[in-house]
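Here is a short report on a protein model. Look at the structure first, then read on.

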Amino acid sequence: MAIARWLAYRLLPAMLMAGSGVAGAALPVSEIAPGVFVHQGHAEQANEANGNDIANAGFVVGDDCVAVIDTLGSPALGRQLAASVASRTALPICAVINTHVHPDHLLGNRALTGDDRPLLGHEQLPRALAARADGYLAAANSTYAADADASWIVAPTTTVADTRRIDLGGRTLVLEAWPTAHSNTDLTVFDTASGTLWTGDLVFLDRMPALDGSINGWLNVLDELSGRSGVKRIVPGHGPACAPWPAGSAPLRRYLGHLRTEVRDAIHQGRTIEQAIANIGYDRAQDWPLFDRVHRRNVTAAFAELEWE
């Protein structure tokens with residue numbers, strides 16, 4: 001979409017904030033590099049108190065316009081993120097990007113889309129979101145919301161099958177779609193100006209990682225990304241607002257590597273999936289907040305994949 005069209009809407013962020021009913025309710029953001037702003041989510045499960053504000057999200061400011069990367073876990077949070085943009089710049093939002101399908105990263109889409117503004121995501125994201133929509137809405141209504149309905153489900157209007165570049169004016173973002181890893185919808189965003197890589201949930205820090213795709217694929221993607229030149233820092237999907245690269249992936253790589261090794265050993269020894277779930281990986285529980293909520297599911301997913309190698 002031509003940037004010139006968006007220059008006619010320089011007041012749009014302020015309009016969004018005023019029209020959203022959350023004036024003054026901008027989410028806190030940190031400027032981790034010039035023009036790169038991150039909101040850090042709570043290291044908790046979604047609940048009524050945090051309203052599903054549990055993931056990292058933010059925005060990148062160019063000379064002409066702004067790209068928002070992930071929209072958080074509800075339209076209310078999306079409106080507050082829009083207010084954060086308006087509090088930092090009068091430039092318009094010209095693109096909204098989803099890093100993957102999970103609800104804590106994209107149920108705020110409704111608040112940040114419209115007016116022909118492109119919403120971008122992995123080519124598999126529309127299908128994956130449609131398949132999960134009912135479950136996401138039911139979970140939202142039972143956990144932290146009372147008004148979640150079909151209007152919360154807003155899928156990308158533009159999908160990425162391999163790579164795509166977005167020009168923000170003097171600043172280029174490189175979007176890259178990945179094979180199945182953390183999920184089957186993982187998309188990274190690289191800001192070439194600052195050397196900042198937004199990984200989405202391809203990287204978890206200070207929160208138990210969740211395997212919703214392929215353990216082999218996830219480790220392969222981390223291997224490939226670790227060799228990328230020009231990456232100075234990452235914005236993980238969960239954890240601190242930024243971390244060094246590739247050192248920032250080390251805890252996750254250790255966990256996934258140990259999990260794969262131990263599950264393979266269990267399979268080769270003829271153990272059942274129930275035995276694997278009951279015995280694998282508990283010596284690392286102290287390393288990861290929310291371990292008990294996620295680890296058993298990770299063992300199950302890894303076993304189901306690796307038993308067919």
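## The disulfide

Cys-65 and Cys-94 are joined by a disulfide, with 2.1 Å from S to S. The model is a predicted one. The structure holds 1 disulfide. A disulfide is a covalent bond between the sulfur atoms of two cysteines.

Where do the two cysteines lie? Cys-65 is in the loop between β3 and β4, and Cys-94 is in strand β5, so the pair ties together parts that are 29 residues apart in sequence. The torsion about the S-S bond of Cys-65 and Cys-94 is about 55°, so this disulfide is right-handed. Are these two cysteines buried or exposed? Cys-65 is buried, and Cys-94 is buried too. Now take another cysteine, Cys-242. Cys-242 has a relative accessibility of 32%, so it counts as partly exposed.

What does mixed pairing look like here? Take β3, β4 and β5. Strand β3 (residues 57-61) and strand β4 (residues 66-69) run antiparallel, joined by 4 bridges. Strand β5 is mostly covered, with 5 of its 5 residues buried.

## A helix across the sheet

How far does α3 reach? Its 14 residues span 20 Å from the first C-alpha to the last, close to the 20 Å expected at 1.5 Å a residue.

Helix α3 is mostly covered: 10 of its 14 residues are buried. Among them are Leu-77, Leu-81, Val-85 and several alanines, including Ala-82 and Ala-83. Pro-75, Gly-78, Gln-80 and Ser-84 are buried as well.

Arg-88 also lies in α3. Is Arg-88 buried, exposed or partly exposed? Its relative accessibility is 42%, so Arg-88 counts as partly exposed. Which residues does Arg-88 touch, leaving out those up to four places away in sequence? They are Val-29, Phe-37 and Phe-59. Thr-188 is 100 residues from Arg-88 along the chain, and their C-alpha atoms are separated by 24 Å.

## The sheet of six strands

Another open sheet has 6 strands, in the order β8-β9-β10-β11-β12-β13. The pairing is mixed in this sheet. Strands β8 and β13 (243-244) are at the edges with a single partner strand each, so one side of each is left without a neighbour in the sheet. Helix α7 (residues 215-226) packs on this sheet and touches β10 and β11 (196-204). The direction of α7 makes about 160° with that of β11.

Strand β8 (residues 163-167) pairs with β9 in the antiparallel sense, over 5 bridges. Ile-166 stands opposite Leu-173 in β9, and Thr-163 has Glu-176 in β9 as its bridge partner. The hairpin of β8 and β9 has 4 residues between the strands, and in this hairpin Gly-169 takes a positive phi near 90°.

Strand β9 (residues 172-177) is mostly covered, with 5 of its 6 residues buried. Next comes strand β10 (residues 187-191), which runs antiparallel to β9 and is joined to it by 5 bridges. Leu-175 stands opposite Val-189 in β10.

## What the record says

Which residues does UniProt assign to the feature "domain: Metallo-beta-lactamase"? The unreviewed entry places it at residues 54-238. In the model, the end C-alpha atoms of residues 54-238 lie 7 Å apart. This span is 29% helix and 28% strand.

Key:
Residues are numbered from 1 along each chain as its sequence is written. This is a predicted model: local features need pLDDT of at least 70, side-chain atom pairs count only at pLDDT 80 or more; totals for chains, interfaces and linings use all residues. Side-chain values use heavy atoms; hydrogens and water are left out. Two strands pair if DSSP finds at least two bridges between them. UniProt positions are given in the numbering used here, feature names are shortened, and annotations may be inferred rather than shown by experiment. A disulfide is a pair of cysteine sulfur atoms within 2.5 Å. Buried means under 20% relative accessible area, exposed over 50%, partly exposed in between (1.4 Å probe, protein chains only). The expected span of a helix is 1.5 Å times one less than its number of residues. Contact means heavy atoms within 4.5 Å. Axes are lines fitted to C-alpha atoms, for helices over the stretch in contact, and angles run from 0 to 180 degrees between N-to-C directions.
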